[in-house]
Amino acid sequence: MTILKQFGKKTKYYRLKRKLSQEKLSELANMHRTYIGQIEAGRRNISLKNIEKLAKALGVKIKDLF
C-alpha cells in the first residue's frame, strides 16, 4: 500500500469516527469536498499545510494521520 493510500485510509477512519461526511469535513478544513474524496482514495499528494488543516478539522494530531 502506498503512503498516499495509507494517509487516505487514516483520514477516512478519523472522519467516520467523528461521524462526519466528506462535505462537513471539507467545510471544517476549508477544502473542496472532491479534494477530500481524492485524499481518501489515495489519489492526491497533499501538502503539509493541508495536512495541518485536516488534522485540526478532525481533532487529531498530525502524526495520527500517518
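Me: In which hand, left or right, does α2 pass α4?
Reply: This is a predicted model, where local features need pLDDT of at least 70, side-chain atom pairs count only at pLDDT 80 or more, and totals for chains, interfaces and linings use all residues. Residues are numbered from 1 along each chain as its sequence is written, and side-chain values use heavy atoms, with hydrogens and water left out. A crossing is left-handed if the near helix is turned anticlockwise from the far one by less than a right angle, and right-handed if clockwise. The crossing of α2 past α4 is right-handed.

Me: How are α2 and α4 oriented to each other?
Reply: Their axes come within 8 Å and cross at roughly 115 degrees. Axes are lines fitted to C-alpha atoms, for helices over the stretch in contact, and angles run from 0 to 180 degrees between N-to-C directions. Angles under 35 degrees count as roughly parallel, over 145 as roughly antiparallel, 65 to 115 as roughly perpendicular and the rest as oblique. Therefore α2 and α4 are roughly perpendicular.

Me: Which residues of α4 does α2 meet?
Reply: Contact means heavy atoms within 4.5 Å. From α2 come Leu25, Leu28 and Ala29. Their partners in α4 are Lys53, Leu54, Ala57 and Leu58.

Me: How are α1 and α4 oriented to each other?
Reply: Helices (H or I, at least four residues) and strands (E, at least two) are DSSP runs, numbered from the N terminus. Helix α1 covers residues 3-17 and helix α4 covers residues 48-58. Their axes come within 10 Å and cross at roughly 25 degrees. Therefore α1 and α4 are roughly parallel.

Me: Which residues of α4 does α1 touch?
Reply: Here α1 passes α4 in a left-handed crossing. On the α1 side, the contact is made by Phe7, Thr11, Tyr14 and Arg15. On the α4 side, it is made by Ile51, Leu54 and Leu58.

Me: Against which helices do the buried residues of α3 pack?
Reply: The buried residues of α3 are Tyr35, Ile36, Gly37, Ile39 and Glu40. They pack against α1, α2 and α4.

Me: Which residues does Glu40 touch, leaving out those up to four places away in sequence?
Reply: Glu40 lies in helix α3. Its relative accessible area is 12%, so Glu40 is buried. The residues it touches are Gly8, Lys9, Thr11, Lys12, Arg15 and Gln22.

Me: How is α2 oriented to α3?
Reply: The two helices pack at an angle of about 110 degrees, with their axes 8 Å apart. That makes α2 and α3 roughly perpendicular.

Me: Is Lys53 buried, partly exposed or exposed?
Reply: Lys53 is found in helix α4. It touches Ala29, Asn30 and Met31, not counting residues up to four places away in sequence. At 34% relative accessibility, Lys53 is partly exposed.

Me: What is the phi of Asn30?
Reply: Most residues other than glycine have a negative phi. Asn30 sits in the loop between α2 and α3, and is exposed at a relative accessible area of 62%. Although Asn30 is not a glycine, its phi is positive, at about 60 degrees.

Key:
Buried < 20%, exposed > 50% of the residue type's maximum accessible area, 1.4 Å probe, protein only.
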